[in-house]
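Biologist: Could you take me through this structure? I have not seen it before.

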Amino acid sequence: MRRKEIKVCIVRVGGTNCDAETKRAFEDLGVKAFIYHINELTKRKDLLFEHQILVFPGGFSYGDHVRAGAILAKIIMTRIGKEIRAFVDEGRPILGICNGFQVLVEAGLLPGLNGISNYPEAALATNVPSGYRCMWVYLRHENNGKCVFTWLIPRGMLLRIPVAHAEGRFMLPGGREEKILASLIDNDQIVLRYCNENGEPAEGRYPANPNGSFYDIAGICDQSGTIFGLMPHPERAYYGWQLPDWTRMSKPPKYGDGKIIFESIVKYVMKKF
Amino acid sequence: MTRRLYIKRDLPFELYEVNVLEANDDDLVRISEEMGLALSLEEMRAIKLYFSKKGRNPTDVELQAIGQTWSEHCYHKTFKGIITLPDGRVISSLFKTFIAGATYELSKPWCISVFEDNAGIIHFEHDYGIAVKVETHNHPSAIDPFGGAATGIGGVIRDILGVWADPIACMDVLGFGPLDYDYSNLPPGIKHPKYIFRGVVAGIGHYGNNMGIPTVNGAIYFDESYVGNVVVYCGCVGILPISKYIKRARAGDYLVLVGGRTGRDGIHGVTFASLELTEKSEEVSRPAVQIPNPIEEEKLRRAIIAVRDQELASSITDLGGGGLSSAVGETAYKFGCGSIVELDKVPLKYPDIAPWEIYISESQERMLLTVPENNVDRVLEVFWEEDVEATPIGRLTEDKTLKIYYRGYVVAELDIAFLFSPPVVRRSAEIIKPKFNEPCFKEPSNLTEDLLKILSSPNIASKEAIVRTYDHEVKGNTVLKPFCGRNNGPSDAAVIKPLDKSWRGVVISCGLNPRYGKIDPYWMAASAIDEAIRNNIAVGGRRIALLDNFVWGNPEKPDRLGSLVRACMACYRFAKGFGTPFISGKDSLYNESPLGPVTPTLLITAIGISPDVRRIISMDLKEPDNLIYIVGRTYDELGGSEYYNLRGCLGKNVPKVRLREAKRNMRAVTRAIDKGCVRACHDLSEGGLATAAAEMSLAGDLGLEIWLSRVPYTGQTLRNDFILFSESNSRFLVEVPRERKEEFELMVKGTYYAPIGRVRRDKSFIVYGLNNEPIINTSVDELIEAWKRTLCRL
């Protein structure tokens, strides 16, 4: 498939607010990106299949009432659950950023221990230390190549990307954490982990791990590697001028570390479809 | 009692006739109080006269509508009134004479709409304009800190939507009492500063974050007088295509109410804001505080931008203070129309709300559009698609009257002309020059401790723990963030790059010096203007426009009014002198509590332009061995300084602004930045040279040495501590690479400047005194520790 034929579907509802910059990132790579209200996707069920990539961007869908992402997850699975399943079955990639990650977890699409689940198998709980925080963090790429959103990134490479959330503490069911973690590792589902500037694991310590996530998990994919959710915002680290310290550099880079995630998925779709 | 003041009409709903025709002066005052109108006797008499001519009594709806329109909050009576000064001089309008006066005399072609609409609009690039508005929300925040602050942000965002602009950034400047204030000193009815602080900060973050608008600039200031009078300034910047700035409503257009439903929240918000806070405020005015719902406003924003882009509406305004009453009245007045409104069409949160309550409720997230008949269906559809309610509630009419119906009955009929011609307020001002002295103490031999203490003082200490709870990067356009460098130093201004296809940036900064106002409000205002402008200049901003936001005490008290007049005089002189017009502003008066009046506080917001954001400069030191220059002269001006404050004194020598010198310095810094010979630039403000140097050093994680003997200083007393901590205005510290030395000096020729130090390779921070002996000797790590410890855990 040629780059300019690729179409990205970005979903929004009341409270979504990172749709425009996510669209901008995709379009910078020469693909077409469209923002649709969930009402539109509900009305025209075939619309989704005109697109190769589905994105749930950041924001506070429905005010994050109940739990972050919970309401949108239910609405999506109720209204267009069938289409989403077909989309996944066809191997078309789905990305969830921040609130979108919360949606994917609440919808049972991630971690997807045994395929799509009818109930959440993990949680993005309130931060420890508690509270909303907007800050830059370091991430280590830990995936062995399964995740189609990061396959261009060498394993072990560090990425610097900001987070901005109050509910991002990745948690697994109490008592079964280690067992599930082992299976996530075995299945190559761990994608990004919080670390310090030197790439050493944050080991749960703030501020390197900004929210107390279990095993420093910042982003995971499903077993097929085509569904990917992450708390950090790659669209806010897309251009060099978005870096927090570009004014210190004698020659600031044109792009930031977020770009490679978008680039990976576009190249994957070009190859695959 | 023989006369009945309130006569219930025999109708299937609650409507009272208010017997003003038979009321004497005492009754009139009573009516104003009982109905929560906050009108003076003179104003009540004008109302009585009007209805005498009509030969009938007003309804409660009519009186409430008049009360809202004539309130200080909506009509700005004090700023528009006649003020007599002690020397007999008469000012016919503070606003026209001093604030708008400067703007009109400057007559800048890039000012597109000033003081006319919900927000000021200036030209940005091609067809794009930038809209800016700053509001205060002090009174509601004192009662309900979270709701008050959140709806403050919500309200100012709607002001931006109200000029068809898309919000791109928020600002917030907050004033609290000391967080360690002794509980036993709190009078009844006043909440502890820490409680207010937490609520306000959470409220600001909640609204901005949920709406997805980055909060990029602001300040937090602590002052004893804010214990009883919390100060909450909320600002918003938006961008709009100027060709879509449509305000041409005509008779026949429909009034379409869009957004949230109407309830009993926010009844009498504006009249509440026009009174002093008392012990009873909590009980009496609780309904005056509105309830925030940012998601509703986020949806509203999308729909409004869609309506704008399709040019479906003929005008727009927000429902803020005064609710429907203000929005309908002002729309009709502005377009020379009358209007009819059917109140029973207004969607309600719950039934059985009296007509007058519907009409003045300040329920949030509502806006009023005027829509030509042919477009009504399409407009309703746009809102429907966003899951937002939109309801035609009336029309503009040819005759210049306001006619309000409820269930088929006329409940109000007022002439628009009368509604907008309240009696002119006459007040007298008294100018008291308090006697202050400079403190007398020996110069300490070592100033390291003093510097560290100043860095830890609440007004200077890092606000990172607070600011990081606001999303400052959503939309991905924040080029210069609130923090910069390796250790999150305090940026002088924020820079937003609003257009994907352009490198042009909007530079947002502010200035605020309440402590100077305790000595002299004139120089306080001058300093705030200078500070806002130099913060903007320091990062590379230019073509600066200003906003003024006054927070003052009760203007009916002559001394408060006198200081307000002094501040306004400074606004005129320095805005005009700097060539920086005011484009919008707002005043919040009556900030008084049982603890006394608020310290007169003027916030100046500066909006500049960066022609190319790739050339902006941050304040963190960049490279070892670079030279540090000071631009601007230091005077013996420690009145109101942090240094004196540390010793419990106020002093007398408040920093002044010397226009010619100031302008020369600013032009020089801009030239040097444009020439590319500046690596870092920071303005000198609270805490003076020592603090600015320390901030640059800790932000860059690089040591620094400074030689005080080289600093251009003009003062009778030659002392190390004075040079280090004087807060003279119009000064900058600039980092320049050695190889650019000559070039830089050429750029700043004509100013008082000097190379006063250099960036070190290690992390030592050393200041050599006048005798060339070290008087401050510390390390970057110690500076960081001191600067971050105060407000790190809250």
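Modeller: One term is needed at the start: a salt bridge is a side-chain nitrogen of Lys or Arg within 4 Å of a carboxyl oxygen of Asp or Glu. A:Arg24 forms one with B:Asp500, and their closest N and O atoms are 2.8 Å apart. This is a predicted model, in which local features need pLDDT of at least 70 and side-chain atom pairs count only at pLDDT 80 or more, while totals for chains, interfaces and linings use all residues. Residues are numbered from 1 along each chain as its sequence is written, chains are lettered from A and ligands numbered from 1 in the order in which they are written, and side-chain values use heavy atoms, with hydrogens and water left out.

Biologist: How many salt bridges are there across the interface of chain A and chain B?

Modeller: The rule finds 6 there. Over all chains the count comes to 74 salt bridges.

Biologist: What parts does the pair B:Glu357 and B:Arg264 tie together?

Modeller: Their side chains meet in a salt bridge at 3.0 Å, N to O. B:Glu357 is in helix α14 (residues 355–360) of chain B and B:Arg264 is in the loop between β11 (254–259) and α10 (269–272) of chain B, so the pair links parts that are 93 residues apart in sequence. Helices (H or I, at least four residues) and strands (E, at least two) are DSSP runs, numbered from the N terminus.

Biologist: Back to the interface: how much area do chain A and chain B bury between them?

Modeller: About 2900 Å², with 45% of it on carbon and sulfur atoms. Buried area is the accessible area (1.4 Å probe) that two parts lose on being put together, summed over both. In chain A, A:Cys134, A:Trp241 and A:Arg248 lose the most area to chain B, together 25% of what that side buries.

Biologist: And how many residues are in contact?

Modeller: 31 residues of chain A are in contact with 43 residues of chain B, where contact means heavy atoms within 4.5 Å.

Biologist: New topic: which residues of α1(A) meet α6(A)?

Modeller: A:Thr22, A:Ala25 and A:Phe26 of α1(A) meet A:Phe262, A:Ile265 and A:Val266 of α6(A).

Biologist: At what angle do the axes of those helices cross?

Modeller: Helix α1 (residues 19–28) and helix α6 (residues 259–272) of chain A have axes that come within 10 Å and cross at roughly 55 degrees. Axes are lines fitted to C-alpha atoms, for helices over the stretch in contact, and angles run from 0 to 180 degrees between N-to-C directions.
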